[in-house]
Amino acid sequence: MISVVIPCYNEAKTIKQTYKEVKEALKKLGVKYEIIFSEDGSTDGTKEILKELEKKDEKVRVLVSEKRLGKGLGLRRGFQVAKGEEILMLDADLAAGVGVVKDLLDAEGDVVIADTYRRSFSKRDVMSFLYRCLVALLFGMNLNYIQSGFKKLRREVLEEIDLKLTGFAMDTELVYKAKRKGFRVVEISAKWNQRKDRRVGFLHAFKMFLDLIRVRFLDD
């Protein structure tokens, strides 16, 4: 079985279309699957949309939170209930396009990262570049886009590592701990159709930095 875990916060405008596209892609591939939405305290009606999808489709499972938990904790909640031998992580806006589902499933590796990083000189892309450099310095991992929201994991990876972070840096924690355990990490190319309203503020970036320090020097 394939478990698709989709963390979501205030995605009322996009989540139904994402569901339709992901479901259709999985049906075309002829695989047994489940779709797990890990909702993170949304205030725009996302909860209600997801609950309706869950009522209509037995392959959908919805985890609801009354308060913000953070993307990392949202993903971990999804991992805990996932039943599949392979787990797909997908961003709720499906910015990499639905084709990334097949690309990830076809790729070989214990952890497969869809490199959706579009190189440019925007503020966000400059911060992404600096983050990549920091990860290379702290962890010795020279990966193009470790923070990609599109990944495939084998169940064995999650059984062997202990994830602790709750925020966005959990992506880095996951990959670092998987490599440390000897699992094979690979990257594949994927397109990118980034939404204009995505922003990373200074406080958010600083928290990610502190989380990286914790994983590298304080975590067992």
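A residue counts as buried when its relative accessible area is under 20%, as exposed when that area is over 50%, and as partly exposed in between. The model described here is predicted, and 13 salt bridges are counted in it.

- Glu 86 and Arg 154 form a salt bridge in which the closest N and O atoms are 3.0 Å apart; because Glu 86 belongs to strand β4 (residues 86-89) and Arg 154 to strand β6 (residues 151-154), the pair ties together parts that are 68 residues apart in sequence.
- Glu 86 has a relative accessibility of 15% and therefore counts as buried, whereas Arg 154, at 23%, is partly exposed.
- Arg 154 also forms a salt bridge with Asp 110, with 3.4 Å between the closest N and O atoms; since Asp 110 lies in the loop between α4 (99-106) and β5 (111-115) while Arg 154 lies in strand β6, this pair ties together parts that are 44 residues apart in sequence.
- A network of salt bridges links Glu 86, Asp 110 and Arg 154 with Glu 108 and Lys 152.

**A pair within helix α8**

- Asp 211 and Lys 207 meet through their side chains in a salt bridge, at 3.2 Å from N to O.
- Both residues lie in helix α8 (residues 202-218), and because they are four residues apart there, about one helical turn separates them.
- Asp 211 is buried, with a relative accessible area of 11%, while Lys 207, at 42% relative accessibility, counts as partly exposed.

How values were computed:
Residues numbered from 1 in each chain as written. Predicted model: local features only at pLDDT ≥ 70, side-chain atom pairs only at ≥ 80, totals over all residues. Heavy atoms only, no water. Salt bridge = Lys/Arg side-chain N within 4 Å of Asp/Glu carboxyl O. Helix = DSSP H or I, 4+ residues; strand = E, 2+ residues; numbered from the N terminus. Buried < 20%, exposed > 50% of the residue type's maximum accessible area, 1.4 Å probe, protein only.
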